[in-house]
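Please open the structure in a viewer and keep the selection tool at hand.

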Amino acid sequence: MKLFKLLPVFLLVIACSPGKQESSTSDGVFPYTIHQKEFPNGLNVVTVPYESPGIASFYIVVRAGSREEVEAGKTGFAHFFEHMMFRGTDNYSKEEYSNILKAIGAGANANTWLDRTVYHMTGNAGMLDKMFEIESDRFMNLNYSVHGFKTEAGAVKGEYTKNYASPYMQLNEKTSEVAFDTHTYKHTTMGFWEDVVDMPNQYEYSLQFFDRFYRPEYATILVVGDVTPEQVNSLSEKYFGNWERGSYAPEIPVEPEQTATRFAHVQNANFPPQLSLNYKSPAFDATTKDVAALEVITQILFSQKSELYKKLVIDERKCRSLGGGIFFTRDPYLMTVRASLISADDLQFVKDEITAAIQNLIENGVDQKIMDETKSNLKYSFATNLDSSTSIAEALSYAIWVSGDPEAFNTFYQQIDNLTLEDLQENAKKYFIPEHLTISTISPAEEGGVL
Amino acid sequence: MKKQIIRLSILLILFSSYSSYSQELVELKKNKSNKIVLKYMFNTGSMMDPAGKEGLTMLTASLISDGGSAQYSKSEIDDLLYPMAASYYSSVDKEVTVFTFEVHRDFTDEFYRIIKGLLFNPAFDEKDFSRIKSNTQNYVDQIIKASSDEEYSKMALEDFLFRGTTYQHMIPGTSSGVSNLTIDDVKQQYIDYFTKDNLIIGIAGDYNDSFKNQVLEDARQLPPLVKTLPKAPQVPMPEGIQVEIIEKENALGSAIFAGFPISLTRSDDDFAALMIANSWLGEHRKSYGQLYNKIRETRSMNYGDYTYIEWYERGGRVQLPLAHVPRHSNYFSLWIRPVQIADQLKMQYEELNQVEVGHAHFALRMAIREIDMLVNNGLSQEDFELTKQFLRSYIKLFIQTTSKELGFLMDSRFYGRKDYITELDQLLEKVSLEQVNEAVKKHLQVDNMYITIVTDDSESLPLSRNLLGNKTSPMSYSNLVLEGLPEEVKSEDEEVANYKLNVKSVDIIKSEDTFK
C-alpha cells in the first residue's frame, strides 16, 4: 500500500494574518507557501503557488466517502455518486463538459475512498477561470436523467467486475466485514455486491445524497501550480460564493470494542498464500502522539530495514514479501501487516514471528539509532516526492480529508520529531492487542487455520 | 507561454552529448530541485533472452537492483540507505533496461558511493538469485493469471501477436524459461548486454560537474559490447481476425484486448497525426473518447474502452504514460475492460435468464465498427481541432516530475529524437486534418487483427461459437436500462449486432496452458 508512503513531513512555521485568511511559510522540507481562505458559506480554499509553467492542479476534496454510507442497502453509494458527477448539468451536458475538459488539455478524474471523494484536474493554468466555472456548475447544479442514472450504475458494476479478479480485493472485502460490527468501515468503498447490483433503483436516494454532501462545508478547493492566491480566491468567490451551506451531519455508528481475535479467509489454490494481521488502530489525530508513534513503529518492524524482513524474506525465505503500516483515517480503523508466503505450511510460523517481533518491541523497546533513522527516513521520503503540482496536491488533499486542515501534517511531524523511546513502547503496548486483531489468509485450504 | 519557451530553450542548451565517451549523456539540470535522479538506460531487453531462457534479462536486472554488490549485501545496502529514504529500481521492456536511482541532494555523494557497486560490481549472490528467481517463477505461474484479468489479456495478446519472435514472451519470462535459468546465465547476460557501448546515462536535478564526471568515469568500467545487438522483429499482418479465448474458473467478466501491427513509431512524423485520431477514438482513461462514450456512457457495459498506437505500460494503474518502454516493433491496440458474462446477467436480472452469451461479442463489434467508421469517414474538422488543442496541452503532463522528464528525454534518443515532447508539440501544431485522415487510412483497418479474451469457463464455448459463426449478438439490457433507452441507440444496436467481423479462427485455451 503506497498510502503509507504518502505520509507527508511538513515542517512549517504558521503565520496567521487577521481574519480568515492564513498563510504558512516553510523552513526547508516543504518549500512552498500554503495560503488558506475560509469563505462565509464554509468553503475552504487552499492555494499553493508552485513553479510549473503553464500548469495548474485543481482539486476539490469532499469529505464524504464510504464512511458516510450509514443506511442499509446504500453501501458503495459515495463512489457511485462520484460517477454521477460526470453526467452533466442544465448548462453543460456531459458531452459539453467533456469537450471543455479536452479544451483545457486536462488530465481529469475523481476517486473515492473511506473518508472522502476527490475530484481533480491538472491542465492549462491559463484556463483556470474555465476550470472554476465548470466545476462550480456541476457542484451546484448537477442534473442527470433517471435513465442516465440507471445507465451509469452499469459502469460501477463493471468496475467491481474488474476489481474482483484480484484475490487481494476479495480478502480486503472479507477482512473489513469481519473486523467491524457496526461502523461503516465494515464495507469497502466499492460496497457490497448486492447493493451494487441494486444501484439503478436508487435514483431518489441519489438526489438526497447530493443535497446532503455536495455542500460547501464538506468541500475544500485546492489549487497548486502556476497560480496566485489572489486569483484563486477571487475565482472561488465568483463561482462558489453563492453555494448554499447545508445542514446534514451523518451519525456514524461507533464501533464497540473488539474482544477476541477474528478470522477472515479466502480459499484459492492458484495464488501464493497470503497472511495479513489487522489490528484496530486509532483515528488520525495530529494533536496526540499515538498515530505518529504507530507510524514509526510499523516502519521499524516491517520495512525492508527491519530484522523481521531480513529474516523472513532475505535469509530464511519464508516470505516473498512483507510490509505493514497504519492507515490515516477519520475514525479508528486498521493497521495492517501483510506477508506473501512461499508455502501455506508456514502461515502459522510467519504469524508467530510477526507477533514475536511486536512483543519484543513492547518488552525491550528499540535503539535510539533506529528511531532516529526512521524519523529521517519518513522526512526525506516525503520531501523527495514533492516534485510536481500533482504530487503536492495529492499530499495536501490527504491532510485535508483526514483532518480538514492542510497544515495537519505539520503538527503531525512535530509529533514524530518529539517521540521518545518510551512513546514507542507505550503505544505498541496500547494498540497491538491480540483481542483487537483480525487474521486474514488466502490459501488452498477451506479455512485459514492460523491461530 | 513565454515562460515555457524560455524553459525549453534552457533545456535544449543543457541537453548535450559527450562524444569523448562511448556512452551518451542526457542532462537535465534543475538547481531548485531538492534531489538527484540518475538513470542508466541499456539497449537491452527481454528481446535479448536466449531461446529457452525467457526471462533472463529481467532476472539479471532484478538481481542488480534487488541484490547486493561485491562490497555490500542487499541487507547492508538497505541499512545504509534507510535514513536517506533513497530509492532505486530497474525496469525492463522488450528493448531497453533502465536503472533509476533517486536521492535527496543532501546525500548525493554518500548514496552514489554505496550504490555504484550494484551496477559495476554486482555480487550475483546465489541466495539472492534463488530468492528472485522463485518470486519471478511465481509471478509467471500464478500471479499474472490470478490478479488482473485485464493485465492477463494484454500479456496474452503480445504472446499471440508476436508468436515465434523474440517479442513474444512476457518480460518476466515463461514458466519453463525461468525454470531453466542459472546464476551463470545471469553473469553471462550481464557481460554480454550490460555494456558501456549500449548505454545512455541520464542525470537530473541539483548536481555539480564533479559528480557528473565521476558518474561518467565510473561507467567506463563496464565491459565493451562484443555481441551484435539483434533487431526488433517485424511481424506480418494476420490473415483475418484470429481469436484466442483463455478460460478460467470464477471470472466475473470477459476481459478483452486486441491488436494488429503498425509500421509507425515516435521516430515518424506521422505519429503525431495518428495520435490525434487515436486520442479522439479512445484516449487512455479519458471520458472524451468515442469508444468510451458509446460503450460505457451510453450502454453501461463496462468501466472503460480505449485504443493505443504504442505500448502503454501499466495501463490498468496509471493515468499518464510512463517512460522507458520504447519499441521499434509497434502495434495498434484496443482495450475493452471486462464486460458481463451470460451467467452473471442471468443471475442479476430475471428478464435475461435466457441469455446464452454475455456482452463480449457485442462490445467487440461495437468497437471495431467505430474504428471502421473512423477509417471510412475520417475525423471532422471540429473534432480534429479540439483533439489537437487537447493533446498540445496534455502531453506536457507526461513530464511533470524530474524523473519522468529525464526519462522521456532519454527515450527520445532511442527514437533518434532530441526531445520528443517538444518536437511532438511542434508536429501537432503543424499537422492538418488531411494528414490525420490519410494516416488513419494508411495505418488502421479492421479486417485483420488478433484478439484475446480472458473469461469464465462457462462463457468460453458459447462465445467462441458465436464469434466463429458470426452470429447475431443482440445487446442484452436489463429492463431498468432498456425502458429509457433512446430509439437511436436501439437502432444503432441493431446494426452493431449484425456487423460482420472477419473472424477466421477461435481457439479456447485453458489458463494453465498459457505462458508455458
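**First stop: a residue of the core.** Leaving aside residues up to four places away in sequence, A277(B) touches L374(B), L379(B), V436(B), A439(B) and V440(B). Now widen the selection to the largest nonpolar core, which has 280 residues. A277(B) is among those with the most contacts inside this core, together with L222(A), I256(B), A363(B) and A367(B).

**Second stop: confidence.** Colour both chains by pLDDT. Chain A has a mean pLDDT of 92, with 93% of its residues at 70 or more. Residues 1–19 of chain A, however, have a pLDDT below 50, and this stretch makes 48 contacts in the model beyond near neighbours in sequence. Chain B averages 94, and 96% of its residues score at least 70. Its residues 1–22 have a pLDDT below 50, with 26 contacts in the model beyond near neighbours in sequence. Where pLDDT is low, the predicted coordinates should not be read in detail. For the complex, the predictor gives an ipTM of 0.91 and a pTM of 0.93.

**Third stop: where the chains meet.** Select the residues of each chain that touch the other. Chain A contributes 55 residues to the contact and chain B contributes 59. On the side of chain B that touches chain A, the largest share, seven residues, comes from helix α14 (residues 381–394) of chain B. That side of chain B comprises 24 polar, 19 nonpolar and 16 charged residues.

Select helix α2 (residues 94–104) of chain A. Which of its residues are buried? They are Y97(A), S98(A), L101(A), K102(A) and I104(A). Seen down the axis of α2(A), these buried residues fall within an arc of 160 degrees, so they line one face of the helix. The cover over them includes β6 (107–112), β7 and α3 (128–141) of chain A, and also α14 of chain B. Just after α2(A), select G105(A), which takes a positive phi of about 70 degrees.

Colour residues 32–240 as domain 1 and residues 262–443 as domain 2 of chain A. The C-alpha centres of these two domains of chain A lie 29 Å apart. Between them, 33 residues of domain 1 of chain A are in contact with 30 residues of domain 2 of chain A. On the domain 1 side, at least two residues each come from several elements of chain A, including β3 (34–38), β7 (117–124) and α5 (167–179). α5(A) gives the most to this side, with seven residues. By class, the side of domain 1 of chain A that touches domain 2 of chain A has 18 nonpolar, 10 polar and five charged residues.

**Last stop: the domains of chain B.** Colour residues 14–219 as domain 1 and residues 241–513 as domain 2 of chain B. Their C-alpha centres are 31 Å apart. Here 35 residues of domain 1 of chain B are in contact with 34 residues of domain 2 of chain B. Among the elements of chain B that each supply at least two residues on the domain 1 side are β1 (24–29), β4 (97–104) and α6 (149–161). The greatest contribution to that side is made by α6(B), with 10 residues. The side of domain 1 of chain B that touches domain 2 of chain B divides into 15 nonpolar, 13 charged and seven polar residues.

Note on methods: Residues are numbered from 1 along each chain as its sequence is written. Chains are lettered from A and ligands numbered from 1 in the order in which they are written. This is a predicted model: local features need pLDDT of at least 70, side-chain atom pairs count only at pLDDT 80 or more; totals for chains, interfaces and linings use all residues. Two residues are in contact if their C-beta atoms, placed from the backbone, lie within 7 Å. Helices (H or I, at least four residues) and strands (E, at least two) are DSSP runs, numbered from the N terminus. Ala, Val, Leu, Ile, Met, Phe, Trp, Tyr, Cys and Pro count as nonpolar, Asp, Glu, Lys and Arg as charged, and the others, Gly among them, as polar. Domain bounds come from an automatic or database domain assignment. pLDDT is the predictor's confidence in each residue, from 0 to 100. A residue is buried if 20 or more other C-beta atoms lie within 10 Å of its own, exposed if 12 or fewer, and partly exposed in between; C-beta atoms are placed from the backbone. The arc is that of the directions from the helix axis to the C-beta atoms. A nonpolar core is a set of buried Ala, Val, Leu, Ile, Met, Phe, Trp, Tyr and Cys residues joined through C-beta atoms within 7 Å.
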